[in-house]
Structures are given as C-alpha cells and as structure tokens.
Amino acid sequence: MTASPDPLTDPTAFEQHVQGQIDNKTKPQGALGIVERLALRLAQTMKTAAPRLNRCELMIFAADHGIVADGVSAYPQQVTREMALNFLRGGAAANVFARTVGATVRVVDAGIAGDPIEHADLIDRRIGAGTQNSRTGPAMNDNQRDAALAVGAKLAAGSDADALCFGEMGIGNTSAATLLAHKILGLPLNELVGRGTGLDDTGLQHKTSILRDAAARTAPTLPAAEALTEYGGFEIAMMMGAMIDCARSDRPVLVDGFIATAAALAARDMKPEVWPAMFFSHRSVERGHGQILDALDVRPILNLDMRLGEGTGALLSWPILRAAAAMLTDMASFADAEVSGPV
C-alpha cells in the first residue's frame with residue numbers, strides 16, 4: 001500500500017492540505033476571493049498551515065542619483081535629504097500610515113548626497129554621497145553594489161518583524177527603476193518612462209531623451225547584477241538585499257510601487273527562489289509599474305491610483321495580509337462550528 005504524501009515535507013501535499021482547510025472554513029468556497037489566495041501563499045511562504053502576522057516594519061532607504069544633474073526630475077536633489085528628515089520627524093505619509101496600521105518605521109541613509117545627516121534615529125549605512133550619472137557611465141561599481149546588497153540583508157536579518165515593507169526616497173529613482181526594468185525585461189523604454197514627481201509634457205520628453213542616451217551605453221538586455229551596477233541606486237540595491245534576506249527567512253515581503261517592484265524584479269533575476277515570498281501591494285499609476293506587473297503576470301492586492309512610494313502602498317496592504325493569515329489560523333471550520341456544509 002502506497003503511503004500518502006506528507007504535507008510537512010511534500011509541497012504539493014502541503015498546498016492541498018492548506019487549500020482543504022480554506023475550503024472548509026464557514027463560508028462558501030472561494031467567497032473571500034483574493035484573501036483566500038493570499039492565505040495559501042502566506043502558508044507556503046511561512047511554511048506553516050497556521051500563519052500569524054503580528055508585527056510589521058517599514059524600512060525606508062534613502063539615496064541620491066547622479067542622473068538628476070541632467071534634469072530628469074521636477075524636484076531638486078535636496079528633497080531627498082529634506083524628506084529623510086521629515087520621515088525622522090514622523091511627518092510623512094508613510095509615518096502617518098504606519099501609525100495607523102501599527103507598523104514601526106526605520107529610516108536608512110543608503111547614500112544621500114552631501115554630508116552625513118546627524119540624527120539619533122537615522123541608520124547610517126551610506127555607500128557614498130549618491131551614485132554617478134548613469135547617462136555617462138556606471139552608476140556605481142561592483143564593490144559598492146555588493147556592499148549595498150550585504151547591508152540590506154543584514155538590516156532585514158536584524159528585524160524581528162513577522163513581515164517587512166520596503167520604501168524608498170531618492171529624487172531621480174524613477175529613472176533608475178525605468179532603466180533597470182528596460183534592461184532586465186527588455187521592455188521598450190518609451191513604454192516605461194513616466195512623469196515621476198510630476199513632470200509636464202516637455203519634462204517627460206526631456207527625461208525620455210536622457211534615459212535613451214543612458215540605455216544606449218550598454219547591451220539591449222543585461223543580467224540584474226550588471227544592470228544594477230550600470231543604472232541602479234544605492235537605495236534600490238540595499239532594498240534588494242533586504243528583500244532577499246526577508247524571503248530566505250520565510251517572511252513575506254510587502255512590495256510597494258514602481259521603485260520597489262523594480263528592486264523585486266532585480267532580486268528575482270539574481271535569486272529566483274525568493275520570488276514566491278513577494279506580495280505586491282498595489283498598482284501605481286506611474287506608467288512603468290503597470291508594465292512590469294503585466295510582464296510578470298502579477299495581480300497586486302490594491303489599486304488606489306497612488307504613485308507616492310515611501311512604502312505607503314505596502315503599509316496599506318498590511319492589514320489585508322494580516323487578515324488573510326488570521327482567516328486561515330483562527331476562522332472556524334464547518335465541523336468546529338457545527339455548521340452544515342454544502343450538500
């Protein structure tokens with residue numbers, strides 16, 4: 001007689017076991033829609049049929065980009081520094097949302113231009129005072145890339161949160177994200193370039209021209225590690241390292257908008273095994289975000305016409321993810337509740 005697969009060791013048996021639990025909760029099968037699919041994925045990510053999510057932390061990585069010198073943003077570079085201080089004072093949208101949903105916030109200087117910021121609550125892990133201009137040469141060198149990845153991984157490993165959100169701040173980082181997606185996925189550049197912080201039509205045309213020049217320096221497609229060196233930002237690389245470590249520790253990664261999704265894309269290209277732990281929070285109206293999500297066949301949790309970044313969308317998806325775990329762990333089955341099931 002052939003033994004039944006062990007759900008503790010066989011992934012297919014485990015999926016069937018968890019799906020059976022979901023189907024036997026006191027509701028019609030499938031009645032909770034995407035929440036049910038999230039619950040199954042959480043069980044698979046956390047390697048337990050009774051997942052529980054109590055603590056969430058947002059890490060905001062801030063860094064500057066040399067390509068801003070070519071006028072690709074509607075805002076000046078000093079806004080990166082000013083917004084980092086705003087995060088530290090608790091005045092940004094990310095802070096407000098974090099307080100509302102009960103998440104903690106840590107702010108990391110991954111490479112803000114100018115002198116280091118002196119603040120007791122700032123985590124100073126700066127790789128440099130911003131990247132180089134990727135229109136004329138590599139944004140960083142391989143050693144800087146690897147250092148940023150390692151620092152991000154260490155920061156994630158040091159968090160005791162059950163799930164991690166990752167946000168970013170960096171004037172010019174939509175340009176970096178656009179170039180990363182273009183080189184890794186091979187998507188047409190014109191379909192990825194967006195208005196970022198609010199460029200008008202003339203500004204968008206100029207940004208497209210600058211990014212086209214930057215893209216022409218290298219091969220049409222690149223592996224993620226090389227694309228990151230050529231076009232990435234220190235905050236994107238650090239976020240990638242944190243995402244990879246979070247996934248490897250069997251914790252869900254709450255992926256925010258365009259910049260965070262570009263980081264997740266690059267992490268997937270470098271370490272494909274971490275992809276199942278990525279939970280995409282929302283669909284940004286930033287043009288390139290939808291292009292990446294569609295290319296990867298990803299359906300995010302929310303669609304709120306947002307395009308702020310900072311981890312705001314990831315924070316808003318946290319209560320839904322937490323509820324999905326609670327549904328699987330705490331909701332009664334038909335047998336437990338002595339409720340008649342379907343005939």
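Reader: At which residue does helix α12 bend, and by how much?
Author: In this predicted model, helix α12 covers residues 312-330. A proline, P319, follows the bend within four residues. The bend is at W318 and amounts to about 30°.

Reader: How far apart are the end C-alpha atoms of α12, and what span should its 19 residues have?
Author: At 1.5 Å a residue, the 19 residues of α12 should span 27 Å. The distance between the end C-alpha atoms agrees with that figure.

Reader: Is W318 in α12 buried or exposed?
Author: Several residues of α12 are buried, including T312, G313, L321 and L328. W318, where the helix bends, is also listed with them. W318 is buried.

Reader: Which strands does β2 pair with, and in what sense?
Author: Strand β2 (residues 104-111) is joined to strand β1 (residues 56-63) by seven bridges, and the two run parallel. Three bridges link β2 to strand β3 (residues 122-124), again in the parallel sense. The partners of β2 are β1 and β3, both parallel.

Reader: Why does T218 count as buried?
Author: T218 lies in the loop between α7 (201-216) and α8 (224-231). The cut-off for buried is under 20% relative accessible area. T218 falls under it because its relative accessibility is 16%.

Reader: Which side chain makes a polar contact with that of T218, and at what distance?
Author: Leaving out residues up to four places away in sequence, T218 touches K183, E230 and Y231. One of these, K183, has a side chain joined to that of T218 by a polar contact. The partner is K183, at 3.0 Å.

Reader: How many disulfides does the structure hold?
Author: The structure has no disulfide. C165 is in none, with the nearest cysteine sulfur, that of C56, 3.5 Å away, whereas a disulfide needs two sulfur atoms within 2.5 Å. The sulfur of C246 is too far for a bond, because the closest cysteine sulfur, in C165, is 9.4 Å away. The number of disulfides is zero.

Reader: What is the relative accessibility of C246?
Author: C165 is buried, with a relative accessible area of 0%. C246 counts as buried too. The value for C246 is 0%.

Technical notes
Residues numbered from 1 in each chain as written. Predicted model: local features only at pLDDT ≥ 70, side-chain atom pairs only at ≥ 80, totals over all residues. Heavy atoms only, no water. Pairing = 2+ DSSP bridges. Expected span 1.5 Å × (residues − 1). Bend = angle between axes of the 7 residues up to and from the residue. Buried < 20%, exposed > 50% of the residue type's maximum accessible area, 1.4 Å probe, protein only. Polar contact = N/O pair within 3.5 Å; in protein donor to acceptor, adjacent residues only side chain to side chain. Contact = heavy atoms within 4.5 Å.
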